[in-house]
Amino acid sequence: MKNIGLILLLSLISLRADAYPDSLKGLEYRNLAGEFLIEDCLDSVAHYKTLSLEIFKQNQDLGNWINVFQYLGRFYRDQTNNPEFAINEFQNATEENLWRSPNDDEEWKVLGWLYVNIAYTHWRFLGDYKKARTYYEKAKSILSEKLAIEDLLVGQYLFRELGNIYTRLGDYSAAQVLHKKFIDISINEKQYGKAAEAYSDLGLCYFATQQFDQAIEMYKTGLLLPDLGKRPKALLYFNLTKAYKKIEDYDLALEYALKAKREFEALENNNSQSKGKIWLGGILVEISSIYSEKGQYEKAELHLMQAYDLFKQTYINPQRREFANLFASFGDLYLDWQKFDLA
């Protein structure tokens with residue numbers, strides 16, 4: 001969520017707030033609408049929103065006009081946890097709802113980032129991959145194809161996200177093209193941690209198509225990059241674990257699993273990543289399955305118990321798929337161990 005806030009901030013900075021006498025008043029009204037939205041004073045939201053939109057429209061300021069809806073939509077999504085309202089707000093400023101078409105690069109750029117926000121909300125908040133793909137593609141047609149912008153922001157928040165959606169929807173060739181673009185951008189910008197995570201995403205495309213040797217090559221290539229932090233190293237180790245399990249090399253799978261565990265423990269201990277416990281729980285399940293394959297059932301059970309404790313600390317509601325999958329792992333372990341009643 002903070003990342004999309006950064007995107008919106010950067011798109012706002014690109015606009016000229018001092019281009020006409022009452023432009024700052026328009027921004028002030030927009031900000032007041034956001035403040036009243038947090039307080040759930042919807043009449044005041046509508047009042048100040050209307051004043052802001054009127055100023056921008058009267059001055060033919062389409063960029064700031066679009067950003068009123070983008071600004072308030074982000075408030076609905078990130079501050080009041082209402083992604084459906086956010087989508088409705090964003091939709092007011094899509095191309096078919098504009099009072100005129102964008103007529104310069106800056107206005108097109110703002111529209112492109114609006115589509116990124118819509119796509120992000122559909123994917124990360126509503127789980128609708130197909131709608132997210134549609135809006136990421138709209139953003140791509142503007143930012144990358146029309147404006148020829150292929151910088152780090154576009155790479156991270158458009159190419160990478162759309163690439164991961166293509167992977168989920170099974171369009172692996174399209175996903176590979178975007179991940180490779182993001183890798184090139186990240187390396188050129190010396191953002192090696194981002195490039196490493198992109199290699200991880202690229203490897204998942206090969207993994208999904210049973211090309212495990214190519215997946216392993218991508219993960220190891222990512223690990224060769226300089227100045228890697230704990231998160232990218234942990235993710236690459238985690239994916240190497242799963243790849244070596246698939247080709248039944250359990251010794252190498254365990255070696256990388258233990259490396260991933262150490263990195264995830266460090267992330268969880270210093271609270272640098274909110275998903276630290278979730279990732280750590282996931283690698284504990286992988287380690288358990290490896291020990292089970294090696295016939296070391298006591299160690300396998302211990303690691304599943306540790307994962308269970310982490311999930312209980314992480315999730316308030318126990319009626320989640322993560323717990324269901326974990327109990328299935330317990331069942332598989334006890335079947336292999338021939339403890340049929342426990343299974």
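User: Which residues do ring pairs link into a cluster with Tyr308?

Analyst: The model is a predicted one. Rings count as paired if their centres lie within 6.5 Å. By that rule, ring pairs join Tyr308 into a cluster with Phe311, Tyr315, Phe323 and Phe327.

User: Is tyrosine 308 buried, partly exposed or exposed?

Analyst: Tyrosine 308 belongs to helix α15, residues 297-314. Its relative accessible area is 25%. Buried would need under 20% and exposed over 50%, so tyrosine 308 is partly exposed.

User: Which residues is tyrosine 308 in contact with, leaving aside its neighbours within four places in sequence?

Analyst: Contact here requires heavy atoms within 4.5 Å. With neighbours within four places in sequence set aside, tyrosine 308 is in contact with Phe323, Leu326, Phe327 and Phe330.

User: How far apart in space are tyrosine 308 and glycine 281, C-alpha to C-alpha?

Analyst: In sequence, 27 residues separate tyrosine 308 from glycine 281. In space, the C-alpha to C-alpha distance between tyrosine 308 and glycine 281 is 7.5 Å.

User: Why is the pair of phenylalanine 330 and tyrosine 334 stacked?

Analyst: Both residues lie in helix α16, residues 321-336, and are four residues apart, about one turn of the helix. An α-helix has 3.6 residues a turn, so residues three or four places apart point the same way. Phenylalanine 330 and tyrosine 334 are both buried. Their ring centres are 6.2 Å apart, and planes under 30 degrees apart count as stacked, so the pair qualifies with its planes at 20°.

User: What is the class of the ring pair of phenylalanine 207 and phenylalanine 212?

Analyst: Phenylalanine 207 and phenylalanine 212 are both buried. The centres of their rings are 5.3 Å apart and the planes meet at 70°. An angle over 60 degrees is the criterion, so this pair is edge-to-face.

User: How many aromatic pairs does the count come to?

Analyst: The pair of phenylalanine 207 and phenylalanine 212 is one case, with centres 5.3 Å apart. The count for aromatic pairs comes to 23.

User: Over the ring of which residue does the charged end of lysine 339 sit?

Analyst: A charge must be within 6 Å of the ring centre and within 35 degrees of the ring normal. The charged end of lysine 339 is 3.8 Å from the centre of the ring it sits over, that of tryptophan 337. The charged end of lysine 138 likewise sits over a ring, 5.8 Å from the centre of tyrosine 115. For lysine 339, the residue is tryptophan 337.

User: Which residues does serine 292 touch, not counting residues up to four places away in sequence?

Analyst: Serine 292 lies in helix α14, residues 276-293. It is buried, with a relative accessible area of 10%. Residues up to four places away are not counted, and those that serine 292 touches are Tyr297, Ala300, Leu333 and Asp336.

User: What covers the buried residues of α5?

Analyst: Helix α5 spans residues 83-91, and its buried residues are Pro83, Ala86, Ile87, Glu89, Phe90 and Gln91. Their cover includes α3 (42-58), α4 (62-79), α6 (105-125) and α7 (129-146).

User: How many helices does the secondary structure of the chain come to?

Analyst: The C-alpha atoms fill a box of roughly 75 × 40 × 35 Å along the principal axes. Of the 343 residues in the chain, 50% are buried. The secondary structure has zero strands, and its helices come to 16.

Terms used:
Residues are numbered from 1 along each chain as its sequence is written. This is a predicted model: local features need pLDDT of at least 70, side-chain atom pairs count only at pLDDT 80 or more; totals for chains, interfaces and linings use all residues. Side-chain values use heavy atoms; hydrogens and water are left out. Helices (H or I, at least four residues) and strands (E, at least two) are DSSP runs, numbered from the N terminus. Buried means under 20% relative accessible area, exposed over 50%, partly exposed in between (1.4 Å probe, protein chains only). Rings of Phe, Tyr and Trp (its six-membered ring) pair if their centres lie within 6.5 Å; planes under 30 degrees apart count as stacked, over 60 as edge-to-face and the rest as tilted.
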